[in-house]
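Trainee: Could we go through this model together? I'd like to hear what stands behind each label.

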Amino acid sequence: IIMKIGFPMFKKMQKRIDALNSVVQENLIGIRVVKAFVREDHEKEKFKKANDALSGMGAKAAGMIILAMPLMMLIFNLAMVLVLYKGGVSISLGEMTTGDLLSFIQYVMEILMSLMMIAMLLVMMARGKACADRIKEVLDAEIDIVNSSETAEVKVQGRVQFENVNFRYSTQTDGDDILNNISFTAEPGQIIGIVGGTGCGKSSLVSLIPRLYDVTGGRVLVDDVDVRDYDIEELRTLTGVVLQNNTLFTGTIKENIRWGKKDASDEEIISACTAAQAHDFIMRQPDGYDTVLAQGGLNLSGGQKQRLCIARAMIKKPKILILDDSTSAVDTTTEREIRESLAKDMPHTTKIIISQRVVSIKDADRIIVMDHGKIQSIGTHEELMKTNELYRSIAKFQEENNAGK
């Protein structure tokens with residue numbers, strides 16, 4: 001009875017704890033937004049609702065635990081009364097001696113005390129099972145991106161090829177693909193620019209190269225070998241990625257840069273940061289390269305975080321470098337210097353650059369214009385200005401906007 005009643009109750013209680021933690025986490029991450037929009041009262045009310053739901057379920061669970069003890073004591077005492085009554089009658093009839101009754105009482109007390117301990121243990125097991133089932137869900141989650149049975153030998157030169165690639169996220173069971181029939185080739189050392197409207201699939205496309213996701217149709221090849229045939233760790237080691245979200249970790253600047261190359265020397269770190277135009281602002285920090293960064297790099301500006309992330313990727317000396325709108329927070333002069341450093345220091349690296357700014361990719365060997373998950377056109381800046389209306393409109397709008405400023 002305890003397990004039947006307790007397990008569903010504790011399972012609901014764990015879900016309430018999860019909901020409360022989610023509210024707290026969301027508020028701590030977005031505290032600046034909450035303050036900026038003066039939504040403290042709304043968020044407090046949301047927290048109160050989650051907390052009240054947890055308190056109510058916790059009270060029910062505690063009530064079951066509290067009720068279990070007096071109930072068991074009642075059963076214990078009733079059993080003792082029954083034993084004393086039956087024993088007294090037996091003694092009066094000469095069927096049992098007083099010593100036998102005392103022995104019997106001792107045995108019954110031992111048994112009932114053990115049963116009480118088991119009952120309390122079952123209450124703890126009911127909650128433990130509710131927690132264990134939630135942990136088991138995570139541990140039993142099937143990993144969808146794994147190495148093939150026979151991995152290819154990695155001799156990456158940097159040739160990237162998309163062959164009729166289709167892609168949709170696993171959570172999507174219906175609707176259109178995010179990417180549809182994508183085909184293009186990037187030769188070693190080339191600079192490939194990708195431009196298009198928000199939500200057209202640019203980030204999803206480049207995420208397929210280091211197998212952050214797997215294609216749902218077609219193939220992505222690196223040096224004529226399907227990326228699914230490479231060892232995942234080796235493939236990602238040879239691929240440098242700077243994503244839209246500039247993630248830095250608690251620790252020194254030097255430790256964050258060494259995420260790209262764990263045995264990098266101080267000279268290599270300084271060289272990479274200089275190429276990423278980060279050295280000067282690092283030296284203005286209180287402790288230079290030993291300056292401790294707050295969680296997520298909160299003590300740096302957006303542009304500074306982007307440059308550190310670029311330096312972290314450059315120090316790997318990857319064969320393929322992916323920059324996903326990674327210079328959006330830096331000024332055009334600094335961005336130009338970063339592009340020049342990439343061309344000078346990494347001439348044989350295939351560079352795939354996603355940008356919302358045409359000026360960032362106009363010097364690319366080829367530019368891919370994407371729209372609604374499809375490639376609309378491929379060519380150089382000059383070719384696209386003549387042949388592609390979407391690219392021409394984006395470029396002209398940005399030129400007029402910059403001229404207005």
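Mentor: Let's start with the word cavity: on a 1 Å grid over the protein atoms alone, a cavity is a set of points where a 1.4 Å probe fits but cannot get out, and lining residues have an atom within 4 Å of a point. Keep in mind that this is a predicted model, where local features need pLDDT of at least 70 and side-chain atom pairs count only at pLDDT 80 or more, while totals for chains, interfaces and linings use all residues. Residues are numbered from 1 along each chain as its sequence is written, and side-chain values use heavy atoms, with hydrogens and water left out.

Trainee: What makes up the lining of the largest cavity?

Mentor: Among the lining residues are Leu323, Asp325, Glu335, Arg339, Ile353 and Ser360. Helix 11 (332–345) gives the most, with 4 residues, and strand 10 also supplies at least two. Helices (H or I, at least four residues) and strands (E, at least two) are DSSP runs, numbered from the N terminus. By class, the lining has 5 nonpolar, 4 polar and 3 charged residues; Asp, Glu, Lys and Arg count as charged, Ala, Val, Leu, Ile, Met, Phe, Trp, Tyr, Cys and Pro as nonpolar, and the others, Gly among them, as polar.

Trainee: Why is aspartate 325 called buried?

Mentor: Buried means under 20% relative accessible area, exposed over 50%, and partly exposed in between, with a 1.4 Å probe and protein chains only. Aspartate 325 has 15%, so the label buried applies. This residue lies in the loop between strand 9 (320–324) and helix 11, and its phi is positive, about 50°, although it is not a glycine. Most residues other than glycine have a negative phi.

Trainee: What makes threonine 334 buried?

Mentor: Its relative accessible area is 11%, so it falls under the 20% limit. Threonine 334 is found in helix 11 and touches Gln277 and Arg307, not counting residues up to four places away in sequence. Contact means heavy atoms within 4.5 Å. Glutamine 277 sits in the loop between helix 8 (266–275) and helix 9 (279–283), with a positive phi near 60°.

Trainee: How do you know that strand 3 and strand 10 pair?

Mentor: Two strands pair if DSSP finds at least two bridges between them. Strand 3 (residues 191–196) and strand 10 (residues 350–354) share 4 bridges, so they pair, and they run parallel. Glycine 193 has isoleucine 353 as its bridge partner. Both strands belong to an open sheet of 6 strands, order 6-9-10-3-11-12, with mixed pairing.

Trainee: Why are strand 2 (179–186) and strand 5 (225–226) said to stand at the edges?

Mentor: They belong to an open sheet of 4 strands, order 2-1-4-5, with antiparallel pairing. Each has a single partner strand, so one side of each is left without a neighbour in the sheet. Elsewhere in that order, 5 bridges join strand 1 (residues 160–167) to strand 4 (residues 217–222), and phenylalanine 162 stands opposite valine 220.

Note on methods:
1 Å grid on protein atoms, 1.4 Å probe; cavity = no way out; pocket = protein on both sides within 12 Å on 5 of 7 lines; lining within 4 Å.
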